[in-house]
Amino acid sequence: MVSRREFFRGTTLGVGGLFLAPFLRQLDAATAVAARPPRIVFFVQGNGMDPQQIQPPGMTRPAEPDVLEDRPLAGHKFARSVAPLEPFAQRISFIHGLSGRIALGNHGMGMGALGCFPSQKNVFMETIDSAVSRQLPGLFRHVGLGVETSPATSVIYNVSASGKSAPLPTQCNPLQAHETLFALAADAGAEKKIEADAKLLDYLADDVRRLQVRLNAFEKAKLDHYLHALESINSRDSALLKLSDRIKLAAPHADERFGGQAYAFERMEAQFEIAAGALIAGLSNVITISSGAGRDQTGVDFDGTEVGLSDGPIPAHEVGHNQVVQGTPADELHIRIRARHCEQLAAFIRKLDSIPEGQGTMMDHTLIIFLSDAAESHHPKGREWPLIVIGDLGGRLRTRNRYLRFPRYGKPGHRTLASFFLTLLHAVGDRRDQFGLPDPAIMDLPQLGPLEEILA
């Protein structure tokens with residue numbers, strides 16, 4: 001009986017070996033944690049992020065800045081809407097002034113936000129989370145988690161894509177996401193099933209080889225693709241099996257917050273715990289977490305008691321339309337809702353910071369990008385797309401303790417969101433010069449290449 005590894009190497013022209021390379025790197029990382037690749041987390045909140053509401057008090061904010069502003073962030077009080085992040089000021093950059101008008105949309109720009117292409121159309125190309133995941137291999141190349149309008153919805157396709165007309169899923173039911181990622185921790189029979197599947201592939205090897213000689217080139221190619229898919233799943237499962245002890249330790253306990261009927265904040269808290277567990281277990285290095293993000297996904301109901309009001313829903317869509325809810329103005333509700341999100345994000349950061357890794361902690365090798373898929377407002381214009389960046393990707397970026405504000409839209413020195421995404425790509429080894437589509441209204445300004453201001 002030919003070994004499974006030898007069989008697939010011989011019948012798929014080395015594709016199986018190439019496919020297994022990232023898994024082998026990940027398995028090596030399980031025993032040498034310091035060698036693991038860095039991690040990137042995208043946190044995408046719907047309904048816009050008003051730059052005024054995250055502006056540090058005491059820092060002047062000119063309405064139409066004409067020059068680059070670059071100053072230390074530490075020592076400044078944080079605005080109420082992001083105050084829970086203030087303890088991490090030494091690790092944070094606020095980046096203001098970048099534009100993203102090419103993604104113009106309504107009620108959020110969906111995949112156009114992370115892809116820098118028109119959101120009204122079909123998916124044009126790959127989004128940044130998928131693009132960086134190609135450079136940061138994991139057992140699950142990309143994990144999408146989030147909350148959306150209907151608590152009963154399991155999966156949506158809202159902010160991520162792996163290519164043209166290829167949206168990536170966002171799992172919105174925390175219980176199902178937990179089962180997908182941590183089956184080995186929850187199901188006592190999962191290990192036996194994985195072992196049985198591996199033996200089955202070994203058993204079928206000779207039969208498959210005999211079948212291949214009877215097929216024409218087209219049929220053989222189809223069979224190779226099919227075998228490759230089976231082996232890919234089996235290889236990932238085998239790698240998961242080797243990490244089973246680590247997965248069991250990292251898996252969060254699935255309580256009532258993981259149920260589909262919980263309010264949005266409870267579900268978000270569960271999703272953050274799942275994301276932390278997935279990173280700690282080494283299941284993925286790129287995760288996108290979204291809250292009411294995506295075109296026409298802003299109808300999330302938040303629990304009033306979570307933002308200091310009485311029991312009852314706070315509908316995000318109505319807040320975006322400046323309606324008063326429970327006697328509270330919309331601007332105040334925006335601040336309280338974002339502050340609650342930041343509390344959950346802060347707990348996520350502290351969790352990663354508690355896990356030793358190499359000479360520091362997991363957070364030292366993790367980058368978090370917090371933005372809205374609706375740029376600066378519920379009905380965005382895209383002339384400014386505020387970013388909060390936490391961490392520096394293990395020193396690959398100069399994004400610690402900085403307040404950066406680029407010149408206003410159309411002025412010399414102005415840059416776009418696409419340039420920031422290019423910076424991320426360069427930081428992980430993808431040296432392309434363009435990401436997304438350029439803004440035709442500012443073709444006289446540089447839209448190629450990374451932001452040298454933050455690339456280490």
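How many helices and strands does the secondary structure of the chain come to?

## The chain as a whole

The chain's secondary structure comes to 14 helices and 16 strands; these are DSSP runs numbered from the N terminus, with helices (H or I) of at least four residues and strands (E) of at least two. This is a predicted model, in which local features need pLDDT of at least 70, side-chain atom pairs count only at pLDDT 80 or more, and totals for chains, interfaces and linings use all residues. Residues are numbered from 1 along each chain as its sequence is written, and side-chain values use heavy atoms, with hydrogens and water left out.

Of the chain's 456 residues, 57% count as buried, meaning under 20% relative accessible area with a 1.4 Å probe and protein chains only.

## Helix 11

Helix 11 contains 18 residues and reaches 25 Å from its first C-alpha to its last. That is close to the expected 26 Å, the expected span being 1.5 Å times one less than the number of residues. G282, which follows helix 11, has a positive phi, near 80°.

## Packing against helix 13

The axes of helix 11 (residues 264–281) and helix 13 (residues 330–353) come within 10 Å and cross at roughly 25°; axes are lines fitted to C-alpha atoms over the stretch in contact, and angles run from 0 to 180 degrees between N-to-C directions. The two helices are therefore roughly parallel to each other, a term for angles under 35 degrees.

In the contact (heavy atoms within 4.5 Å), residues of helix 11 including F265, F272 and L279 meet residues of helix 13 including I337, L345 and F348.

Conventions:
Parallel < 35°, antiparallel > 145°, perpendicular 65-115°, else oblique. Buried < 20%, exposed > 50% of the residue type's maximum accessible area, 1.4 Å probe, protein only.
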